[in-house]
Amino acid sequence: MNIAIPFAKGHGTGNDFLVLDDAENVLDLTPADTISLCDRRTGIGADGVLRLVRCTATPEALAMAGEAEWFMDYRNSDGSLGAMCGNGARVLARYLTASGRHLGGRLTLATRAGVRRLHVPAAPDAHYGDVSISMGRPVLPGPDHITVSVGARSWSALHVDVGNPHAVVFVGDLDDAGALAAAPVVTPGTAYPHGVTVEFVRDLGSHHLALRVHERGVGETPSCGTGAVAAVAAARHHSPGTEGPACYTVDAPGGRLLVDVAADGSMTLTGPAHVVAQGSISLHTRRTPPASGERGLQQSAYGIPSPALLARANRGLCRLTEMHRGLDSLEAGR
């Protein structure tokens, strides 16, 4: 069946997303649905879909329910699942304030890359303003000798993991990356079996970077939050003696992001997030939505069945018992 689901359109420095408010996890969101919704001519149009689900309503996030109320189910515009999205998480935090679910201040969000902590400063308009997210400490897992090629040009790249994979290239001019109409060729192919986001970075000095990004499953985007963090990690790796706290400015085509590096190497991403439209859309459901006052089939953060779960399980047991009685009566009459 189809039901009306609240949605919002938002962006972080031009990196835009469709937020689907599916708190009780009733949507049957297929890759084809995501592709259709993200189409900029026949759909709403977006770089990706952020499905907002209560942690207690999905097995995928139940283990994180003790720390976070909300789970970010991120889908790239090609329908593939994403583990982490820095700009997307900031947009989702802004949506929570715009919808009245979060009053500002500290916010914890569950993602496929783990729990992330955000801060939403008080602002005159809940739909717009800076949002910060703790991105953890980037990892440089190797392998070495990665090459990125665009046309006849090739560069050495550094593999940086920020909850999702990146190949970071330093160039003299951002135009060196060309039109980026197609994904750059990355070798060896075994380095990124599930694809990779590629950053072309120009070091402007004094903790100032500029970049262009070809995002895995999306294409070139005006901005990339995890890409900005990966670029800073790569810049520090290539510049010995840059250990210790620092603040970096990262300019993307869509706007400016700030990356604060703590003494332990963990990084915090800050930038504007803007909810530009809200409404409702008719989408497929995987099951009947919970009745008014119920929160659906779920468990508490501590594995104790909720009252809604017990009530629905009891109704199901009664129906199953009646079915078996009917089958017994039929068998007896044969």
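**Strand S3 and its surroundings**

Modeller: In S3, Arg-51 is the bridge partner of Leu-20. The model is predicted, with local features needing pLDDT of at least 70 and side-chain atom pairs pLDDT 80 or more, while totals for chains, interfaces and linings use all residues. Residues are numbered from 1 along each chain as its sequence is written, and side-chain values use heavy atoms, without hydrogens or water.

Strand S2 (residues 15-21) and S3 run parallel and are joined by 5 bridges (strands pair with at least two DSSP bridges between them). From S2 the chain passes through helix H1 (residues 31-38) to S3, a right-handed β-α-β crossover (clockwise from first strand over helix to second, with the strands pointing away from the viewer).

S3 itself, residues 48-54, is mostly covered, with 7 of its 7 residues buried (under 20% relative accessible area; exposed is over 50%, partly exposed in between; 1.4 Å probe, protein chains only). Gly-48, Leu-50, Leu-52 and Arg-54 point one way from the strand, while Val-49, Arg-51 and Val-53 point the other way; buried residues are found in both sets.

The loop between S3 and S4 contains Thr-58. Its relative accessibility is 7%, so Thr-58 counts as buried. Beyond its neighbours within four places in sequence, Thr-58 is in contact with Asn-25, Val-53 and Phe-71 (heavy atoms within 4.5 Å).

The whole structure holds 2 aromatic pairs (ring centres of Phe, Tyr or Trp, taking its six-membered ring, within 6.5 Å; planes under 30 degrees apart are stacked, over 60 edge-to-face, the rest tilted). Phe-17 and Tyr-74 form an edge-to-face pair, with 6.2 Å from centre to centre and 70° between the planes. Since Phe-17 belongs to strand S2 and Tyr-74 to strand S4, the pair ties together parts 57 residues apart in sequence. Phe-17 and Tyr-74 are both buried.

Trp-155 is buried at a relative accessible area of 12%, and Phe-200 is buried at 0%.

Leu-50 and Met-72 return in the largest nonpolar core, which has 53 residues; they are among those with the most contacts inside it, as are Leu-118 and Val-160. Such a core is a set of buried Ala, Val, Leu, Ile, Met, Phe, Trp, Tyr and Cys residues joined through side-chain atoms within 4.5 Å. Helix H3 (residues 225-237) gives this core its largest share, 8 residues. A second, separate core has 17 residues, including Ile-146, Trp-155, Val-171 and Val-186. Val-160, setting aside neighbours within four places in sequence, has contacts that include Pro-138, Leu-140, His-166 and Ala-233.

Among contacts with a separation of 6 or more, 64% are between residues 24 or more positions apart.

Terms used
Helices (H or I, at least four residues) and strands (E, at least two) are DSSP runs, numbered from the N terminus.
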